[in-house]
Amino acid sequence: MELEKYKLGGTHLKSSDFEKGKVLTTAWQPNLAYTWDNGVAIGRYLDELKNGRIIARVCHECHRIMLPPRMFCELCFRPTDEWMYVQDTGVVSTFSVARVNWDASRRGPKEPPLLPAVIEIDGATKGMGILHMLGEVDPDDIKAGMKVRAVWKKSEDRTGAITDILYFKPLRAAASKKAPARRKR
Amino acid sequence: MGMRKVAIVGAGITKFVRRAQETGKELSWQASKMALDSCGLTLDDVDMVTLGTAPDAFDGVHMKGEYLADGAGGCRKPYMRHYVGGGTGVFSPIHGWFHVASGMADICLVVAEEKMSSCHPHPQGAFLTIFDHTTEQPLKPTLIWIFALEMNRYMQAYGLSKADIARVSVKNKGNALDHPSAQVAEKITVEDVLASETLCWPVNRLDISPASDGAAAVVLASERVARRLTDKPVWIDGVGFSIDTAYWGTRDLSYPRYVETAARMAYDMAGIKEPAKEIHIAEPYDPFDYKELHHMEGLMLCPRGEAARLTAEGYTARDGNLPICPSGGALGVGNPIAATGLMKVIEIFLQLRGEAGKRQVPGKPTCGLAQAWGDLMQMGTVIVLRS
Amino acid sequence: MIKRVAIVGIGTTGFRPITPDVSYRELIFEAARKAYTDAGIEPSEIGGFITAAEDFLEGYSICDEYCPDQIGAVLKPTQTIPGDFIQALATGYMMIMTGAFKTVAIEAHSKASNVKNIDELMGFAFDPVYNRPLRETPHAIAGLEMTRYMFETCTSAEQCARVVVKNKGNAMRNPYAAFGADIAEKDVLNSDPISLPLHRLDIAPHADGAVVAVLADGETALALSETPIWIEGLGWCTDTPTLEMRDWGEAAYARLAAEMAYKMAGIANPAGMIDFAEINDEYSFKELQHMEALKLCRPGEAGHLLESGATSYAGDIPINVSGGALGVGHLFEASGAHKILELVEQLRGEAGARQIPDVNIGLAQVWRGVPTATGAVAILSNM
């Protein structure tokens, strides 16, 4: 069989087909709501974020200090053993300079780009990164390996959420030595 | 040990389009009917049906496997849906292989469908809820972030430039010019990719495959039945799948070890010792251009960090030593998630039969591979086919 | 030697109306850890893993992402079956029968309490063009079926109510069950009308909980377990999703799935061979309708069998001795998991206060709920 010998299904519609009413549609906005149980590990994690601290769990079998904390070790498959506070500083493992929002709409020309990053938190086992945002930094100055520190919301504004950390900012001003020239992000 | 041999004996596919007039049920039917016609069967001959389709949020139907059952030919039959996120399309024939290799079925219809355009205003919106609801979603992430984060990490690890990676997009969109299902086939240059809109640095518009509607289907048969149905059965000689931890922030994003684990499982089953030599043609998943390179390395088709160089040298072109994505891949043919994976399997099926038309690679390949990847950059699915 | 597959380990959290103390991960870990300890195996030694889950029940777009960690499946061959646990069980069975896997672990759970508007969710499964705009309560579909079933089989509303009385009574003896109660038929008939003839107490309330089971091929099973519970028959079937084309009186999906399972198990006379059954009773009448579809009695006989006491705990063919969904709670994709759990405990003789004496063959049957016409059947034995 060769695909070329078949009349393939799938009929392409153009935007104008909808605009002119050539194609009718049925719209539906699902009204779904969830309240996820945080449980023990994430419950404590959020409590501590409200206190302005980051807490991890330790497995005595593989000796990993794990972030986000979990009540069981997914590798040793046993309960984890103890809580441990870690720093609110870390190292940028990787980052992006995002000009689109979550729904694929574009950031306006005046809106600064979003700066998501994976940050390996100091005090946790190497490689334990969390997703968060960078701030107070020029996108062109961000580098992998850069040291950053959490910028917290004011304590009275914290709600026990990952957004109690506003973003992470560079620990010290970016090195003056220019990185090799590269296309502007 | 003697496993029951399973062959692909027929295939069907729709065009991949941005917005299809057909419903998901109708697309599934079109692909299924074509697959059955291609091997001279009717639905009555089919023992069991399995359906692959990715998030319900696209079609906007809870339990969409149930909704699609009639279109996929599953009514009043043993019918089941399987699901491994973006890896679903290549997992579909693996799930079908379970049906036939186990002896439960002699003929199994495998259907993969995706209708992304139902999700408004843009299918990207459905991806917000792939992130952890408590520790990540409040940051309002988009799917492109994680690819940008992974691509950046990959570039750093091996000192690659955006141009090194853009060549994949150029190759695949060009290859797709010869694919009758293609949605975004075009002749472009590396400069076009670099000059296209920056979405999330380092990801530009032309680094990404489009959102698509489409369906694909294959018919699997046991050895006895396959030899009766066709002179050119294509055998499923190895299957592999593997999922990595959901704590994706703790993984080294520069290397897809879950693809390697899945590939090792498939190679062991197929008796492949040196994949780079024994695999003649491959369709790794390429929803983003860097992913093709990433996956070639995970599949051990080349040393780590070497895939970009091989691409630049033409090694992976359709007439190169190891043709990669001769179909045009997700970047060129389009990316209706589950259907894309099965499109890749169908491409290998046609290439091994020498029926790929203008896309046919030279040298009469006898061993090929398709691979998909999904979830939060953590799921690898691999299938090895031989003629 | 004929190849067989057995359940060699099972673990559960039990079932509660709400589980605010644990996350879904912590809930599932408990069931998984118990199952692996029960089977005497570590997850690192298990060949493959399956989770039965649906995206919108989890509230995730790709819930498959979150399945590996809490079942020990990191970097293991793992998949999600968006279907009932018994469909996942069928996949696990097939995986082992290919010869490529010696052991497979299967997980299903419910965190239904986290879904705040579950009727809206059920309605979201309706055909978006033909049915959804009518904005019916999803239970209306069950009401329509109940009317037609009662008409075709001369079954009475009192008989349906009696199913609720029996099952909630059975649940009193089941420590896993969330909704055991000592009630009377009039309590059911006097409860709020939902979509007549369906009353509120005719509908199973939902519950949370997790179950993990470990399957093994015959040789491995005999090495691991002194009481392997063998899978003798499996069947699954989907009837048309188009409501307008359905046969409203008969549960064809259950009949076809049962025929497939009986054929595989070599059972010609189900009523004589099956010692006890756990069958879907998400709505009271469904237990009776499904008994008939499963050929445990003739059409129209189920209500009378119930009244005769034959399906009660001490009867000839106990049905839903666990309490069923009405007594244990409706568990969505874990519905089949709870039924398989009950079969395994009964066949091992570990069912405590609700143990049925001298049982060898049990049947579990599930239906995926409105608006689906999908069901599955598993037949297990201890011989």
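Predicted model: local features only at pLDDT ≥ 70, side-chain atom pairs only at ≥ 80, totals over all residues.
## Contact between chains B and A

The contact between these two chains draws 53 residues from chain B and 44 residues from chain A. On the side of chain B that touches chain A, the elements giving two or more residues are strand 1, helix 1 (24-38), helix 5 (143-158), strand 5 (198-201) and strand 7 of chain B. Helix 5 of chain B supplies the largest share of that side, 7 residues. By class, the side of chain B that touches chain A has 22 nonpolar, 21 polar and 10 charged residues.

Strand pairing also crosses between the two chains: strand 7 (residues 97-98) of chain A and strand 5 of chain B are joined by 2 bridges in the antiparallel sense. Within strand 5 of chain B, C200(B) is the bridge partner of A98(A).

## Contact between chains C and B

Here the contact takes 48 residues from chain C and 52 residues from chain B. The side of chain C that touches chain B receives two or more residues from each of helix 2 (55-58), strand 3 (78-81), helix 3 (85-97), strand 8 (229-238) and helix 9 (252-265) of chain C. Helix 3 of chain C gives the largest share, 5 residues. Sorted by class, the residues on this side of chain C are 24 nonpolar, 15 polar and 9 charged.

A residue is counted as buried when 20 or more other C-beta atoms lie within 10 Å of its own.

Strand 1 of chain B runs antiparallel to strand 7 (residues 213-222) of chain B, and 7 bridges join the two. In that pairing, G10(B) has V219(B) in strand 7 of chain B as its bridge partner. Strand 1 of chain B is also joined to strand 8 (residues 234-243) of chain B, by 2 bridges and again antiparallel. The bridge partner of I8(B) in strand 8 of chain B is V234(B).

## Helix 14 of chain B

Helix 14 (residues 337-353) of chain B has 17 residues, which at 1.5 Å a residue should span 24 Å; its end C-alpha atoms are 25 Å apart, so the two values agree. The helix is mostly covered, with 16 of its 17 residues buried. Just after helix 14 of chain B, G354(B) takes a positive phi of about 70 degrees.

## The sheet of chain C

In chain C, 9 strands form an open sheet with mixed pairing, in the order 3-2-4-7-1-8-11-10-9. Strand 3 and strand 9 (276-278) of chain C are the edge strands, each pairing on one side only. From one strand to the next, the twist averages 25 degrees.

Inside the sheet, strand 4 (residues 103-111) and strand 7 (residues 208-217) of chain C run antiparallel and are joined by 9 bridges. In strand 7 of chain C, L215(C) is the bridge partner of V104(C).

Helix 14 (residues 335-348) of chain C lies across several strands of chain C, including strand 1 (5-12), strand 4, strand 7, strand 8 and strand 11 (374-381). It also lies across strand 10 (361-367) of chain C, running at about 170 degrees to that strand.

Conventions:
Residues numbered from 1 in each chain as written. Chains lettered and ligands numbered in written order. Pairing = 2+ DSSP bridges. Helix = DSSP H or I, 4+ residues; strand = E, 2+ residues; numbered from the N terminus. Contact = placed C-beta atoms within 7 Å. Nonpolar A, V, L, I, M, F, W, Y, C, P; charged D, E, K, R; others polar. Expected span 1.5 Å × (residues − 1). Buried ≥ 20, exposed ≤ 12 C-beta atoms within 10 Å, placed from the backbone. Axes fitted to C-alpha atoms, helices over the stretch in contact; angles between N-to-C directions.
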